[in-house]
Amino acid sequence: MTPAPSPTATTEDPKRLAEFEARIARGETIEPKDWMPEKYRRQLVRMMSQHAHSELVGMLPEANWITRAPSLRRKMSLMAKVQDEAGHGLYIYCGTETLGVDRHDLTNQLLAGTAKYSSIFNYPTLTWADIGAVGWLVDGAAIVNQTMLAKASYGPYARAMVRICKEENFHKRQGFEIMSILSAGTPEQHAMAQDALDRWWWPSLMMFGPHDKDSPNSDELLRWGIKKKSNDELRQRFVNLTVGQAKAINLTIPDPGMKFNEATKNWEFSDINWDDFWRVVKGDGPCNRERLAARRSAHANGEWVRAAAEAHAQKHARKESAA
Ligand code: FAQ
């Protein structure tokens, strides 16, 4: 059955739009050269560029601990994880280029402070246990979100997610292992792990975005098969999965109001502090300024590499035209 045209895309040719939406309804994948509504393209650029920026800014809280990792093995796996996140960012920026944007423009938006990236990366990593909590909870939440995006209707994004999720699984395991070892260690180590869980729990739930009723983009994204599940559905799935994991390593989720609903089989949880969420999204979180300053400085310090690459490319172009 052909769905009724989307109310948000009435400026498009109705016949093409109907054909496009019928393809989505049949579960077909949309590829870069296929016709797509301009709003579909813009939604993808918005979401994918925020995602790519998140991967890059997400390197900062963890890179902060590379020099202080407690052993060579920990240092190696943390370095590998941070490098993986850089790779994910570059991979997703490539995906945005299939939609006709220039990644330099996206980078400039990030550096100018006009682009969004995930709220979670505006919190500080205060102790080694935070590295465990980030791997376990932040990568864990990313996996729940991105496993669904691996079924998104836009081919290049969906395929990127398949590959990225494989690496995120390793990240989650190393984080969970750090937490389980600390939790089973001395009373001080256990307290450190619990403190990290206490601080990262609520920001992790916020990663899934506002409640469905307050999410302006969700209807369109769901309709066009970019999102397969809503923000609240994915958040609930993450909570259900994580409760058992916390119990298994003898840690307590910092929500005394949590209870299991036998009828729905869901763990019900307390209200999220949305004022806090929006404050961080709007740029006033604990580390927003620090994160942007670090990205700007990294970009400025890389200027000589870009200049050298450009000079090299020009030299080769001159040689080729002379030949
Ligand atoms: N933070 O209408 P919705 C990772 C914004 S990667 C900041 O519900 P949507 C791997 C939203 O953009 C983590 N802003 O939006 C890693 C929108 O603003 P706009 C990133 C947020 O798009 C691990 C407005 O609020 N993952 O962790 C947030 O339908 C460790 C209204 O919201 C992705 O980006 C937020 N948490 O749903 C790396 C996955 N939530 O643009 C390093 C792809 C919402 O209208 C270390 N993205 N906003 O001005 C998505 O799945 C979706 O974009 C959502 C938001 C679910 C994040």
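Here are legends for a few close-up views of this predicted model.

Residues are numbered from 1 along each chain as its sequence is written, and side-chain values rest on heavy atoms, with hydrogens and water left out. Because the model is predicted, local features need pLDDT of at least 70 and side-chain atom pairs count only at pLDDT 80 or more, while totals for chains, interfaces and linings use all residues.

**View 1. The shell around the ligand.** Here we have 37 residues surrounding the ligand (a heavy atom within 4 Å). The closest are Arg46, Gln50, Lys116, Ser215 and Lys227. By type, the shell splits into 16 nonpolar, 12 polar (Gly among them) and 9 charged residues (Asp, Glu, Lys and Arg).

**View 2. Polar side chains at the ligand's oxygen atoms.** Lys227 puts a side-chain N or O atom 2.6 Å from a ligand oxygen. Gln50 has a polar side-chain atom 2.7 Å from an oxygen atom of the ligand, and for Ser215 the figure is 2.7 Å too. Taken alone, the ligand exposes 1100 Å², and the protein buries 91% of that (Shrake-Rupley, 1.4 Å probe). Elements giving two or more residues to the shell are α2 (38-57), α4 (72-97), α6 (128-149), α7 (155-183) and α11 (274-281); helices are DSSP runs (H or I) of at least four residues, numbered from the N terminus.

**View 3. Arg73, out in the open.** Arg73 sits in helix α4. It counts as exposed because its relative accessibility is 52%, the cut-off being over 50% with a 1.4 Å probe and protein chains only. From Arg73 to Ser215 it's 142 residues in sequence and 42 Å in space, C-alpha to C-alpha.

Terms used. Polar contact = N/O pair within 3.5 Å; in protein donor to acceptor, adjacent residues only side chain to side chain. Buried < 20%, exposed > 50% of the residue type's maximum accessible area, 1.4 Å probe, protein only.
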